[in-house]
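The following paragraphs lead through selected features of the structure shown below. The reader may wish to keep the sequence at hand while following them.

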Amino acid sequence: MTKAPSNEPATNEKSPHELKLQLLDKALKKCQYQQDALIEVLHTAQETFGHLDEEILDYVSIQLKLPPSWVYGVATFYNFFTLEPQGDHVCVVCMGTACYVKGAGDIVARIEQEFDLKAGTTTADNSLTLVSARCLGNCSLAPMLTLDGEVLGKQTSDGTVAAIKEKTCLSSVVSEETS
Amino acid sequence: MNSVELHHVAEQEQLRQQQLNLRLFLCYSTPCLAAGADRVKVALAALLNELDEEQRPTLEIVSTGCMGPCSRGPLLRLARLDEPEEIYEKVTPEIACDIVRAALAAQTAVVEPLPTDFPFFVRQTLIALENNGRIDPEQIIHSIARGAYSSLGHVLHEMTPEQVCGEITRSGLRGRGGGGYPTGVKWELVRKAQAERKYVVANGDEGDPGAYMDRTIMESDPHRVLEGMAIAGYAVGAEQGYIYVRGEYPLAAARLAKAIKDAERRGLLGSRILDSSFNFRIDLRVGAGAFVCGEETALMTSIMGRRGQPVPRPPYPAQRGLWGFPTLINNVETVASVAPIMREGAEWVAGIGNEKSKGTKVFALCGEVVNSGLIEVQMGTSLRDIVFTIGGGLPDGGTFKAAQTGGPSGGCIPAEHLDTPVDYESLQALGSIMGSGGLIVMNETSCMPDVAKFFMEFCMDESCGKCVPCRVGTVEMLELLTRITDGSAMDQDLQTLEDLCLLVQETSLCGLGMTAPNPVLNTLHYFRAEYLAHIRDNRCPAGVCQLDQIPLLKLPEHAEQLAIFKEEH
């Protein structure tokens with residue numbers, strides 16, 4: 001996996017943050033600042049910023065003329081909105097019935113153990129976020145998970161750990177330890 | 001566009017398709033994509049490019065929606081001029097190219113297609129899924145060629161709203177989202193409601209774990225859903241519709257958004273649809289991950305941009321729904337059944353199924369079964385037929401233990417009831433529900449108290465916290481189930497659990513809480529011995545639970561064990 005080099009041209013007058021705010025403004029304009037469109041606006045904010053921090057929530061509440069508590073309430077009610085920044089790689093393990101029956105619980109336990117984190121949290125070095133989801137609707141692939149948006153079906157705990165290690169750079173560290 | 005033009009466009013496209021020598025339908029839905037359908041497509045496209053100028057225009061690759069047997073993907077369907085169709089399973093780029101080359105040379109391919117009498121296909125009755133796997137969902141012209149929007153044209157020009165509602169009532173269509181409320185009655189209620197504005201909502205917030213019928217319908221045949229909504233809008237007098245898609249289904253949302261745009265561009269949605277005086281707009285709303293939003297009142301608050309918490313009924317949405325106006329809210333699968341009813345007539349659908357449950361139902365068959373995938377069967381088909389004939393039985397010589405239906409609101413049907421006809425009433429009599437259509441087969445390695453605990457954890461997690469019985473009750477019930485599965489439960493815990501189940505069932509505000517105890521009560525009814533084995537014999541018959549704890553009350557008598565326990569922790 002090669003990452004796109006983060007080239008921020010020095011000539012650009014606007015910081016990435018401002019550019020992101022512009023995108024958010026566009027979404028706000030598109031919905032004509034209607035309060036009913038709060039969820040759509042938060043969707044856009046989550047997509048552009050990766051998470052919703054206090055500043056963004058405040059900004060949305062001012063723009064839509066909604067009380068901050070209202071915006072915070074909605075942002076915390078839905079699972080899709082996260083208030084904490086996510087890791088470089090995101091692994092979403094489906095814990096729907098079909099996946100559970102076929103052993104998704106073991107996979108989650110194995111990842112938790114291997115990477116020393118709990119479902120719903122991020123590793124200390126910010127390389128991996130583990131999320132357990134309530135059925136992603138691909139039950140015929142059970143047990144399935146998505147790794148950075150890529151669907152992996154019919155997984156085993158060993159295979160999953162290997163796939164994650166390939167993504168993160170943790171593999172080198174672990175092999176040093178075991179040798 | 002008017003009806004005549006629509007008909008003309010459809011005929012032209014049909015003619016074009018009939019002139020093609022070979023049409024390759026490649027399943028391009030998520031399971032097949034994960035199995036490598038995209039690589040197959042690249043290989044096939046390259047193969048087609050190699051062909052000479054004469055042959056190329058007579059061929060076509062169509063990336064379709066779901067074909068059904070997802071566990072056998074990627075699937076390739078071959079339609080040759082004047083020859084029966086063939087379906088190939090588990091194709092790789094090499095196999096696919098070989099099949100196509102053989103077909104072009106009129107030879108037989110190395111690999112065998114699925115037999116024509118393959119029970120998975122033969123035993124199904126396709127109504128809601130009839131276009132799945134036969135059209136490219138992103139091409140409106142493919143849908144039109146298969147008759148999309150022709151029912152809408154017929155309804156707009158030949159029928160009054162009363163007649164449309166009457167037709168739906170006579171067809172016996174019932175809500176496919178789980179409740180089974182007669183659809184015609186609902187439509188009639190909204191039609192008769194007096195208000196300056198009305199709304200139609202299609203509920204695509206399919207939260208039940210193990211169910212993906214709505215996702216497949218929205219992804220594979222989005223125009224079917226839009227047409228159904230427009231017909232519903234005409235019937236009840238609404239000019240605005242919303243389709244609420246689960247946040248977990250980005251592909252479904254993208255395809256619906258494209259479908260809405262395409263339909264608007266051709267005048268099949270929007271103002272003066274098909275040259276009638278009827279206007280109907282559809283807006284897409286994408287959920288953000290909350291199971292409770294599948295409940296109709298919660299879904300409506302979510303559409304209005306608020307926390308998706310339910311409100312007490314009555315007033316029902318038909319009386320006071322979105323922004324206080326009468327709202328018709330139907331499941332996506334129900335909406336997808338509307339157009340065929342209008343096309344074929346109510347009597348046709350009423351003739352399918354059994355006495356109280358008419359028509360067909362789509363199930364997502366998965367778990368421990370050979371052919372997992374999406375199926376549509378007549379109401380009243382026996383569970384045995386579904387699991388063993390269509391599903392091909394359990395893999396690796398497994399024994400059938402139970403089939404879970406209805407997700408966290410349903411229950412597990414044990415082997416002795418395998419011959420039960422699958423319809424609303426029969427499943428209810430067994431303490432389960434039809435639900436939205438998830439059907440998960442379990443073998444002897446599934447532990448029932450553990451399954452009940454799994455669903456209780458789900459309900460606890462997804463409880464919105466508005467009413468106390470559900471918010472507190474699910475936590476307490478989970479605690480009791482955890483004790484049973486870790487070995488620290490006592491006999492009276494079972495009694496407490498049962499009492500609590502009944503309490504939560506009776507006193508919760510919405511469907512989530514009212515049905516949350518169902519998996520517990522149902523498994524307690526059929527698999528009580530398994531619970532007792534956990535509690536009395538400290539043994540998990542399925543070998544799933546660790547049972548490494550002991551009841552707190554017994555601790556003083558087990559001072560030694562306590563000491564060991566303390567050392568270990």
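In chain B, five strands form an open sheet of mixed pairing in the order E10-E9-E13-E11-E12. Strands, like helices, are DSSP runs numbered from the N terminus (E, at least two residues, for strands; H or I, at least four, for helices), and two strands pair if DSSP finds at least two bridges between them. Strand E10 (373-378) and strand E12 (411-414) of chain B are the edge strands, each pairing on one side only. On average, neighbouring strands of this sheet are turned by 30 degrees against each other, direction ignored.

This is a predicted model, in which local features need pLDDT of at least 70 and side-chain atom pairs count only at pLDDT 80 or more, whereas totals for chains, interfaces and linings use all residues. Residues are numbered from 1 along each chain as its sequence is written, while chains are lettered from A and ligands numbered from 1 in the order in which they are written.

Within the sheet, strand E9 (residues 360-367) and strand E13 (residues 438-443) of chain B pair in the parallel sense over four bridges. Ala364(B) stands opposite Gly438(B) in E13(B).

Chain A is assigned two domains, domain 1 (16-77) and domain 2 (89-178); such bounds come from an automatic or database domain assignment. The centres of domain 1 and domain 2 of chain A, taken over C-alpha atoms, are separated by 30 Å.

Also in chain A, the axes of helix H2 (residues 38-49) and helix H4 (residues 68-77) come within 11 Å and cross at roughly 65 degrees. Axes here are lines fitted to C-alpha atoms, for helices over the stretch in contact, with angles running from 0 to 180 degrees between N-to-C directions. H2(A) and H4(A) are therefore roughly perpendicular to each other, a term that covers angles of 65 to 115 degrees. Leu38(A), Ile39(A) and Leu42(A) in H2(A) meet Val71(A), Val74(A) and Ala75(A) in H4(A), contact requiring that C-beta atoms, placed from the backbone, lie within 7 Å.

Finally, how many residues of chain A are in contact with chain B? There are 30 residues of chain A in contact with 38 residues of chain B. On the side of chain A that touches chain B, the elements giving two or more residues are H2, H4 and helix H5 (97-101) of chain A. H5(A) provides the largest share of that side, four residues.

Definitions and conventions
Parallel < 35°, antiparallel > 145°, perpendicular 65-115°, else oblique. Contact = placed C-beta atoms within 7 Å.
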